[in-house]
Amino acid sequence: MTAQLNSACRQALVDYLLHLGDSDTVMSQRLCEWVGHAPALEEEVAMANVGLDLLGQARSWLSYAAELEDQGRDADQLAFLRDEREYRNLLITEQANGNFADTMARQFFFDAWHFHLLTALCQSTDAQVQAIARKGLKEVTYHLRRSTAWIKRLGDGTAVSHQKMQDAIDDIWTYTGEMFTATSTDPLLVEAGIVPASAPLQQQWLGYVQATLQEATLTCPDENAYMQIGGRQGLHTEQLGYLLAEMQFLPRAYPGATW
Amino acid sequence: MYAQLVETGVKRVRNLDEMSPEERHFQEKIDAEIKIEAKNWMPEAYRRTLIRQISQHAHSEIVGMLPEKNWLTRAPSFKRKLQLLAKIQDEAGHGLYLYSAMETLGADRDEEVAKLHRGEVKYSSIFNYPTRSWADMGTIGWLVDGAAIVNQVVLQRTSYGPYSRAMIRICKEESFHQRQGYEILLTMMREGNDEQKAMVQDSINRFWWPALMMFGPTDTDSPNSAQSMAWKIKRMSNDDLRQRFIDQTIPQLELLGCTAPDPDLKWNEERGHYDFGEIDWSEFYDVLKGNGPCNRERLRTRREAIDNGDWVREAATAYASKQQQKQHAA
């Protein structure tokens, strides 16, 4: 498959794979921060479990990106040696954990996007993309079930949890639009049948989100609200720099070292 | 060892003639290696001792997540980060098994955790030491999990059935962690640069003695051991376990090309064991009393996690009862 890609398409796919891999990497890093701090032991297990799944998926996407890029880099070098201007993750993934509701709002919106995207990517014309998506979808199906359950528990739990959940959703909503904002090179990939078009994906996502929030007695923010974008162009919020400084410390401090 | 000092409340071990018929029947089962199960009669002191030991063990798994979490967000590669996260996830799972085993004795998990947070009960002293470098992730896997395994392998034969079965499950995962930890160090020693090698030796220097302390006080200073041994809660003495650990660890240390920070360590042909230096027992008791480098921080972190999560658990409970009401109405 990869041999048939023309160079423009290949570059577009590398960018897209970085976007997927970086989003998973950053999301996983945020979940790692929760370890030892979760509200219940069962949530320690769940948080680590989701983080671990995403880390595995990140490695798969970035390995494939490195292979296509063909510049002698591997997944580790892509993750640990690129600066924030080169990172292609969604802005939503780099948002701070905040309280448990903030984390769950972020997780839920991300999982719902991830689930519908991977479902579509299972039909990709690129065999490797298809294979990674198939494996990932099994995991993400579980992630979405869990975050959906928490949205309902917190939304329809106590007055306190309801308010915190609503605040969390309202706060992070502005970062959801980016999940469906195509870059200038995405149409090449859509045309080649490698990735799905974002408009139908957005409709599926919105339908699922609205239904869940309604069941959770929560108000869904305005779908036409102003949306922050920039992650896929390497234009991040101020949060990513710190996250990468921590994450990349060892490979940066000891260049070329084997661990 | 994850439960280093367990008070039995028993001053002197009694013989069969001094026991009531129930007690004698119980002791005879123990002597015949028949496992005690949750619904069987057991002396109150046996029950309380086990609750103390298993809860300490469970608390150790949970507090033990923190020193490793300290490097989780800084793990240097995908492989290492995946391994470490999987390991910490296992530890949370071990905590869950152990709390469940403890609950078969009639104890309440939340109450026992509250005692931990009030500083009334212990967890393993080893987790009060800070993790200062990445090499500590290897050393903890190798030495700390290694010491845990030596103890837990024996505890697979402990007299209380639910505890024994938890140990069997836990040991399988622990062995995996230990090999991973050792491999981290081996990689740094064989493929690493001079700075990485120095990092490994420094880490071993810092964790060597604390790992040996995990087996608890010397047998002469373990007044509770006799009763725990008679009940077969413990199957080997602290000193015997410590010796076993040292004997099996030194060849691994040599394979790494590292040394132990103990000038008195040497093979004793006559005994067929390694001789080793005196443990600094004042440090051991200081750490146990709450004065180790990280005692306050570890407890504060755990207390805050549970306190900050109050509203989350309350929400889950409220939601569950609403759902139940809806089901009843339907």
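At what angle do helix H6 and helix H7 of chain A pack, and how far apart are their axes? The legends below start there, with views taken from a predicted model.

**View 1. Helix H6 packs against helix H7 in chain A.** Here residues 127–155 (H6) and residues 159–172 (H7) pack at an angle of about 125 degrees, and their axes lie 7 Å apart. The two helices are therefore oblique to each other.

**View 2. A closer look at the residues where H6(A) meets H7(A).** From H6(A) come A:Ile151, A:Arg153, A:Leu154 and A:Gly155, and from H7(A) come A:Ser161, A:His162 and A:Met165. Sorted by class, this contact holds three nonpolar, three polar and one charged residues.

**View 3. Chain A and chain B in contact.** Chain A brings 49 residues to this contact and chain B brings 50 residues. About 4,200 Å² is buried between the two chains, with carbon and sulfur atoms giving 72% of that area.

**View 4. A salt bridge joins B:Arg109 and A:Glu42.** Zoom in on these two side chains and you will find N and O 3.4 Å apart. Across the interface of chain A and chain B there are four salt bridges, along with 13 residue pairs in polar contact, both residues at pLDDT 80 or more.

**View 5. The side of chain A that touches chain B.** Helices that each supply at least two residues here include H1 (7–34), H2 (41–69), H5 (100–121) and H10 (239–247) of chain A. H2(A) gives the largest share, 13 residues. By class, this side of chain A divides into 27 nonpolar, twelve polar and ten charged residues.

Definitions and conventions. Residues are numbered from 1 along each chain as its sequence is written. Chains are lettered from A and ligands numbered from 1 in the order in which they are written. This is a predicted model: local features need pLDDT of at least 70, side-chain atom pairs count only at pLDDT 80 or more; totals for chains, interfaces and linings use all residues. Side-chain values use heavy atoms; hydrogens and water are left out. Axes are lines fitted to C-alpha atoms, for helices over the stretch in contact, and angles run from 0 to 180 degrees between N-to-C directions. Helices (H or I, at least four residues) and strands (E, at least two) are DSSP runs, numbered from the N terminus. Angles under 35 degrees count as roughly parallel, over 145 as roughly antiparallel, 65 to 115 as roughly perpendicular and the rest as oblique. Contact means heavy atoms within 4.5 Å. Ala, Val, Leu, Ile, Met, Phe, Trp, Tyr, Cys and Pro count as nonpolar, Asp, Glu, Lys and Arg as charged, and the others, Gly among them, as polar. Buried area is the accessible area (1.4 Å probe) that two parts lose on being put together, summed over both. A polar contact is a pair of N or O atoms within 3.5 Å; within protein, one must be able to donate a hydrogen and the other to accept it, and residues adjacent in sequence count only if both atoms are side-chain atoms.
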